[in-house]
Amino acid sequence: MSHVDRSSEHLIAFLRELNRTRNLEALAQVVIEHAVALVPGAQRGSFMLLNRERGCYEFRAAVGWDMEKLRHVCIPEAKALQKIVYGDHPAIIREPYRQNYVHGLGELGDTFRDMFGPDQAILSFPISYEGEVIAYLNLDNVEDPHAFREEDFQLLAVVEEEIAVALRAVLGRERLAELERFFRLLFERLADAVYITEFDGTIVRANQAASEQSGYTADELVGMNVMHDLAHQEPKMTYQQAIDLLEEGEIVRFEEVKRRKDGSLYVTECAVTRFEYRGRQVTLSVNRDITERREAERNLERRNREQEALLAASRPLTATLHLDELLSRIQEQAASLLSCDSFFVALLDKRRKKLRLELMVERGASLGKHTVDADPEGSLTAWVAHTGRSLLIRDTESEPLPAPFRQVGEPTRSWLGVPLLVKGEVVGVMSVQSLSPHAFSEDDRQLLAAFGGLAAAAISNAELHTGMATLQGKLLAVERAARGMKLAETKAELYRCLVEATGEIFGYEACGIFEAEEGALRAAVLQEGELSLGKRLPIDGPGITVAAWNEGKTLYVPDVSADERYLKGVPETKSELSVPFGEGARQVGVFNVESPVERGIPLEDRNLLEIMVSHMAASLSGLERLEAVRSLSAKLERLHHAVDEMQRCTDVEGLCHTSVRIASEVLGMSMCGIGLAQGEYLVPVSSSGGADELGRAIRRGEGVAGKTWEGGRTMWGKVSDFPVAELVTPEIKGVISVPVGHEGVFQALTSSEEGFTSADVTLAEILVGHLLGELERIRLEEALREQATQDALTGLYNRRFLSEVLEREMTRAKRYGHPISVIMADIDDFKQVNDRLGHLKGDEVLREVAALLRDSVRDSDYVFRYGGEEFVILMPETEDRAGEAIARLRAAVERWAKSAELGDLQFGLTMGSAVWDPRSEQEATPESVLQRADQVLYGFKRSKGR
């Protein structure tokens, strides 16, 4: 066999083995073994590959070297002798040890000599792909400095391209494998359910979160259809509409009700996009479970409806003081609140120890009136009356009962009873029954108890009225006053109605209302007396009014001269009555009446005054509830509209500012702030009203905000309840701290003793839910926008974005009559930089020039990489300053070039500009303006060429 045939056979065997390799080490070993065998003077050799992430060359294979030692050697890219001396060209390096010292690399050369002994000659052969050096073949001879010849390069050049292609193929496969591992990790670890589906909804793949969310295993989900097997109903946006938008390349968002494997329903917030998976177009669907958030919103709406229903139900009860009529109205209003088959009201006669069943209605028919013993062991009604506690029996046949159940009428299966309380004292029992089991819930118990409080007050008033027939005139007057108070639109008007009615009906001119205020009772309304409006009575001081407040009950002093607690008001006062008022256990203030006669306030008047005060308290409570309902409804409505504003935000900081403003202006949380995560710290982004704890960086787990972030759950209440809140200023009394997912914390603070309510917490959580969703949207949009508009090498805007910006700015210029300037810049003889200094240096020059251009113009100007070494600068609202800008830019580049290590290259910029003034030229297009600037640039380039 001839030498040529053997060489061809060896070459074919090498190429075959090269194509079979699947990893870098194997490929590098095949290449270096072939090179050592091919070049006559080669005694040993090594293969160096560029690691871009580390910025250095690493040894991947060797022949005749200790590879275990070579694996730990990393040669910085800037210190590679081949690159420094020969500029990425094939080279023969004789006496490399001496060359290392000549070029300041002696320490690196010493390391190789100490590890492997001195070389006399090295043949360095760069492997390039698409003009870029990605590896070096190094062949070594330890004996003869002239072992290698120029002809040896040709031996290696024959297979250079095949080596480069094979190397890039292996690198590509490893990169794809790395990306696949990253995608799989992200796919599996994402907390939200993720589905990869066909366009018809068939599931191709699902992550673990999808399995946990739906109840199906991942294997069960594959092959199921999201639209037909998981979705409970089609969302407001139809599936066809969603598919059409996906076909247009949009990200589709909608809410969808799904059904779990166990049949339970849940609500998801879906974001769907199209992408390529294993060679075909599919959709990627991210599904966030928002069931709890929707349930919270529904509960809030339900509570609002209940409050409105209670308010509506309370009005008819205060419209009559006739017991029979009142009971009928109570039954009517109870039926509007709760669905039941039977309704009973029993009134307690403590003197006789009896319960009078004053109203018994079953399926709309009266069962008459009865009287039973009040023995708590005798019946469920008596048990409730004795204990003062509500009682819910879901099934009378299967649940243990605290007392015997006495059947009246048809067989009852569900029973709910609540005590009727007046000033904490039981006056009766109200109960509802159903012929079906499990008809009532805990929510029904709370609703009936709240209605029972209103009914109890009305019943108590009615009984007093019934027993005071001789006081008919006063009662009628009290009723008229009650109507007036019910119609009062403000607290001041309500107080004035009570005080005026006291004088007009009973003739007591000296009276007033005192409100609780920070450790004292403040005079809010005074009819007569030496005390002035605003006067404060310390609650730890003297006074009948103060004593009534502290004891929480009505106090009547028939002779004030004999009572040491008396605090002088009107000089003629001989007797005094103080009636605390409020809602349930919450006291609000005290109504005080004084008489110039000893024992001058008889029992009948005291009772009527208490009735009137109770009317006032009920009306006051109604005003507060109405105001609370209106406020909450208004906040919800404003919050709903404000979400639109959040959705228009385009950056994280603006979104946080908008959210804080919404919390402050819409939700009334004047002191609030948002901190977002940066490493182990929460860094403040936006705050208002002096939200001090979020005014500085906070470590994870530090303070209430740090604990909220760490625990991932809402914390709220009085600051004194949180030992970790010691960093908050002493003026702060209440806090709401809501985690923004894993992104950060929203916090609201208050100096009020009352703090925040659960409704405030719900509103804050709803706001934060929207904030988190918009944060994710903005970050996704920013990532997509950056990919679409930026040049990867220089970081400047790219050419594709230029057309969009120029058209937009020309439209603005036409609208406001402002001229705009366009500058085109071209680096002179840039090809010489690449040819003489290498493409890596050329890339560095492009980045440096780009940075100079960007830093030398206004913040409102735009800088684009137009292509290659060409740049475009767009300067809105300029007329005659383009020349100044060109001079400034040219000077900046010339200064930089002097220190840029460009050798003897004559480096500079040629620039041309064009100005478009819409006031004198209407029909210009972005392309025509660019063409004018390009023509000016071209003219300058030609003049330089001459």
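**Rings, sulfurs and strands**

Trainee: Let's begin with exposure: is Phe275 buried, partly exposed or exposed?

Mentor: Keep in mind that this is a predicted model. Buried needs under 20% relative accessible area and exposed needs over 50%. Phe275 comes out at 22% relative accessibility, so the label is partly exposed.

Trainee: And Tyr277, buried or exposed?

Mentor: Use the cut-off of under 20% again. Tyr277 has 9% relative accessibility, so Tyr277 counts as buried.

Trainee: How many aromatic pairs does the structure hold, and what is the geometry of Phe275 with Tyr277?

Mentor: The structure holds eight aromatic pairs. In one of them, Phe275 and Tyr277 have their ring centres 6.3 Å apart, with 50° between the planes. Planes under 30 degrees apart would count as stacked and over 60 as edge-to-face. The Phe275 and Tyr277 pair is therefore tilted.

Trainee: What kind of pair do Tyr862 and Phe864 make?

Mentor: The ring centres of Tyr862 and Phe864 lie 6.2 Å apart. Their planes are at 20°, so the pair is stacked.

Trainee: Which of these two residues has a relative accessible area of 0%?

Mentor: Tyr862 is buried at 16% relative accessible area. The residue with 0%, also buried, is Phe864.

Trainee: Which residues form one aromatic cluster with Tyr862 and Phe864?

Mentor: The cluster takes in Tyr862 and Phe864.

Trainee: Over which rings do the charged ends of Arg606 and Arg700 sit?

Mentor: The charged end of Arg606 is 4.1 Å from the centre of the ring below it, which belongs to Tyr556. For Arg700, the distance to the ring centre is 3.9 Å, and that ring belongs to Trp709.

Trainee: Is that link left-handed or right-handed?

Mentor: Look at the angle about the S-S bond, which is -120°. The link of Cys56 and Cys74 is left-handed.

Trainee: What distance separates the end C-alpha atoms of helix α17?

Mentor: Helix α17 covers residues 472–487, which is 16 residues. At 1.5 Å a residue the helix should span 22 Å, and the model agrees, with the end C-alpha atoms apart by 22 Å.

Trainee: Which strands are the edges of the five-stranded sheet?

Mentor: This open sheet has the order β8-β7-β11-β10-β9, with antiparallel pairing. An edge strand pairs on one side only, and that holds for β8 (203–206) and β9 (252–259).

Trainee: And in β8, which residue is the bridge partner of Tyr195?

Mentor: Strand β7 (residues 193–197) runs antiparallel to β8, and three bridges join them. The partner of Tyr195 in β8 is Ala206.

Note on methods: Residues are numbered from 1 along each chain as its sequence is written. This is a predicted model: local features need pLDDT of at least 70, side-chain atom pairs count only at pLDDT 80 or more; totals for chains, interfaces and linings use all residues. Side-chain values use heavy atoms; hydrogens and water are left out. Rings of Phe, Tyr and Trp (its six-membered ring) pair if their centres lie within 6.5 Å; planes under 30 degrees apart count as stacked, over 60 as edge-to-face and the rest as tilted. Buried means under 20% relative accessible area, exposed over 50%, partly exposed in between (1.4 Å probe, protein chains only). A charge sits over a ring if NZ of Lys or CZ of Arg is within 6 Å of the ring centre and within 35 degrees of the ring normal. A disulfide is a pair of cysteine sulfur atoms within 2.5 Å. Helices (H or I, at least four residues) and strands (E, at least two) are DSSP runs, numbered from the N terminus. The expected span of a helix is 1.5 Å times one less than its number of residues. Two strands pair if DSSP finds at least two bridges between them.
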